[in-house]
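My entries follow the display.

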Amino acid sequence: MPELPEVENTVKKLKALNGCLVKGVFLFDPLVLKSGKSYLLKIKGSKIKGFFRQGKYIFCNLSKERCNFYLVIHLGMSGFLAIKEKDDVSDVAEYLRFLLVFNKGFFLAFCDIRKFGKVFITKKPLLTSLGEDPLSPNLTPAKIAYLFKEKKQKIKSLLLRQDLLSGIGNIYADEALWLAGIKPTRLGTNIKEDEWTKLYKAIKKVLQTAIKAGGTDLGDEVVPSGRYTPLVYGREGFPCSRCRAKIVREKIASRSSYFCSRCQK
Ligand SMILES: [Zn+2]
């Protein structure tokens with residue numbers, strides 16, 4: 001699933017479309033649009049003012065006749081946005097859900113193989129259901145401790161909760177916990193004071209490293225991929241690169257979690 005680093009890189013690429021005028025909008029899969037259908041007619045003739053990210057959500061700021069609104073996209077499990085420069089989307093036609101056509105010969109295609117992605121249109125530039133962004137300067141070790149330490153949930157599950165921190169998913173939660181040396185099965189209530197600082201540093205480090213690498217290397221031929229190679233995620237049975245013990249896999253919050261049973265305490 002695309003997580004914060006993949007979404008951040010997508011937003012950077014989308015900024016090439018700033019200032020473009022929307023000539024047309026095509027909804028190939030009506031189910032992808034969850035709300036804001038009344039704005040669909042407004043999209044045609046609107047101008048792109050910019051793109052930004054909140055958690056794993058991509059906001060496209062559009063304006064038309066003094067009306068300011070946002071096309072919001074969540075990539076789901078396997079969604080991606082492709083900018084096309086020619087009148088040809090045949091290579092992604094099979095997965096095409098939503099298409100914007102621009103004045104300068106550009107197209108923006110929202111493609112999704114497994115159809116967990118979603119789009120909605122809103123006047124609000126903020127989703128209040130989402131927690132703090134892990135890369136926000138407002139996030140401190142004390143803030144993470146405040147969010148998690150009273151909760152009798154596994155630390156891995158807490159990291160996946162988008163209402164607490166927004167943007168971390170299965171891959172980077174495992175990576176951050178490995179870097180911090182914390183076992184994913186421990187409860188928030190059992191994490192020690194100095195471990196919150198380790199976790200804070202690990203989250204920042206793994207996300208920033210993955211952003212620089214363009215996201216995780218998914219080894220997928222259709223979904224665009226980055227160069228970040230996970231240190232623990234997906235490495236069941238391989239030796240831990242820190243202590244050489246075997247990496248194990250365990251289901252937590254119905255997701256596969258990977259960790260080292262020796263050096264993650
Ligand atoms: Zn280890």
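The entries below cover the metal site and then the salt bridges.

**Basis.** I worked from a predicted model, in which local features need pLDDT of at least 70, side-chain atom pairs count only at pLDDT 80 or more, and totals for chains, interfaces and linings use all residues. Residues are numbered from 1 along each chain as its sequence is written, and side-chain values use heavy atoms, with hydrogens and water left out.

**Zinc site.** I looked up the donors (N, O and S atoms within 2.8 Å of the metal, or 3.2 Å for Na, K and Ca). I found the SG atoms of Cys240, Cys243, Cys260 and Cys263 coordinating the zinc ion at 2.2 to 2.4 Å. The angles at the zinc ion run from 95 to 119°, which makes the arrangement of the 4 donor atoms tetrahedral (four donors, all angles between 85 and 135 degrees). Cys243 lies in the loop between α6 (193-212) and β10 (247-252) and Cys260 in strand β11 (residues 255-260), so the pair ties together parts 17 residues apart in sequence. Helices (H or I, at least four residues) and strands (E, at least two) are DSSP runs, numbered from the N terminus.

**Salt bridges.** I noted 9 salt bridges in the structure (a side-chain nitrogen of Lys or Arg within 4 Å of a carboxyl oxygen of Asp or Glu). One of them pairs Arg186 with Glu195 at 2.7 Å, N to O. Both Arg186 and Glu195 are buried (under 20% relative accessible area; exposed is over 50%, partly exposed in between; 1.4 Å probe, protein chains only). Asp163 and Arg161 meet at 2.8 Å, N to O.

Technical notes. Tetrahedral: all angles 85-135°; square planar, octahedral: opposite > 155°, others 65-115°.
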